[in-house]
Amino acid sequence: MKTRVTELLGIEKPIIQGGMAWVAESHLAAAVSNAGGFGLIGAANAPADVVRNYIHEARELTDKPFGVNIMLMSPFAEDIAQLVTEEKVAAVTTGAGNPEKYMAQWKAAGIKVIPVIASVALAKRMERVGADAVVAEGTESGGHIGQATTMTLVPQVVDAVQIPVIAAGGIGDGRGMAAAFMLGAEAVQMGTRFCVADECVIHDKYKDRILKAKDIDSEVTGRSHGHPVRGLRNKMTREYLKLEAEGASFEQLENLTLGGLRKAVVEGDTDNGSVLAGQIAGMITKRQSCQEIVDEVMDQAERLLKIK
Ligand code: TUI
């Protein structure tokens, strides 16, 4: 399936892996790229040395192109912006902010720039300052989220910009991918489905929590202080939402989640940690290799879109 996104990134299949904090490291990114999609290393809050190692490791594991996702709220965002320029990675995606000030240096280094956006306004602005494509990410996604749903955001962004649009949020199989293409998307980004991939190095208990999740197990914390984050309901989210309803301060709430993602991903503490995942978790019930995931999603989407 050829689209402007497969051309832009030099990939065979228009499936991009989300740049998930603590989850998207070299093994996962390389496996997705080897499967014909586009893998991403999630820089999250990691310092540049850690991300540099991931990039070098991924280059050992694949000859295919892969990218880096920069979380713009990270204290190291500036360092990572320089790092990707030096390393000349194939593409950069950005999240949780506006990457405008880095755009010129990345473009000059020949890096494709794909901001993740949650509104039409930011999509238009990113196009104006030279973005090559945007990821329109609906509120069904895991992690830090905007307000619009994928179903409403994607067609509105497609209508508003000329550059290709990649749909994200709530897409976990070929039906979701076909639906996104019907809305005008030219690729999809999936996160939660790749969390349970064999090549994904997160704790087994995290994977199990996703595999056992039901449709209504998704919860959003942090709405009261303007940084909503979606994950699976557990002891931590219950306490958090209780405190939030009681009007707790940002500091009190932050204490509850500090290091929470590490706790869940590395230690497997899915009760007290942050088990970030999208609303589609309830549909994800099997462990597969990245190749099996990419092939299965593509096959189903192509049949539905009647191009196979
Ligand atoms: O960034 C994400 N998802 C993330 S980042 C992350 S790390 C984190 N962990 C805990 C708390 C906070 C962050 C986990 N998940 N997705 C892309 C995304 N970007 N979604 C929404 C946005 C966004 C929101 C506001 C982009 C831009 C924006 O405002 C731009 C402006 O004008 O400043």
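This is a predicted model: local features need pLDDT of at least 70, side-chain atom pairs count only at pLDDT 80 or more; totals for chains, interfaces and linings use all residues.

Residues are numbered from 1 along each chain as its sequence is written, and side-chain values use heavy atoms, with hydrogens and water left out.

**Entry 1: ligand**

I looked up which residues surround the ligand. There are 13, taking a residue as near if one of its heavy atoms lies within 4 Å. The closest are Ala96, Val116, Glu137, Gly143 and His144.

A polar backbone atom of Ala96 lies 3.0 Å from a nitrogen atom of the ligand. For His144, again a polar backbone atom, I read 2.9 Å to a ligand nitrogen. Glu137 uses an N or O atom of its side chain, at 3.1 Å from a nitrogen of the ligand. On its own the ligand has 720 Å² of accessible area, and the protein covers 69% of that (Shrake-Rupley method, 1.4 Å probe).

I sorted the shell by class: 7 nonpolar, 5 polar and 1 charged. Ala, Val, Leu, Ile, Met, Phe, Trp, Tyr, Cys and Pro count as nonpolar, Asp, Glu, Lys and Arg as charged, and the others, Gly among them, as polar.

**Entry 2: H2 and H3**

Helices here are DSSP runs (H or I, at least four residues), numbered from the N terminus. The axes of H2 (residues 26-34) and H3 (residues 48-61) come within 9 Å and cross at roughly 35 degrees; axes are lines fitted to C-alpha atoms over the stretch in contact, and angles run from 0 to 180 degrees between N-to-C directions. In the contact (heavy atoms within 4.5 Å), I found Ser26, His27, Ala30 and Asn34 of H2 with Tyr54, Glu57, Ala58 and Leu61 of H3. I counted 4 nonpolar, 3 polar and 1 charged residues there.

Technical notes. A polar contact is a pair of N or O atoms within 3.5 Å; within protein, one must be able to donate a hydrogen and the other to accept it, and residues adjacent in sequence count only if both atoms are side-chain atoms. Helices (H or I, at least four residues) and strands (E, at least two) are DSSP runs, numbered from the N terminus.
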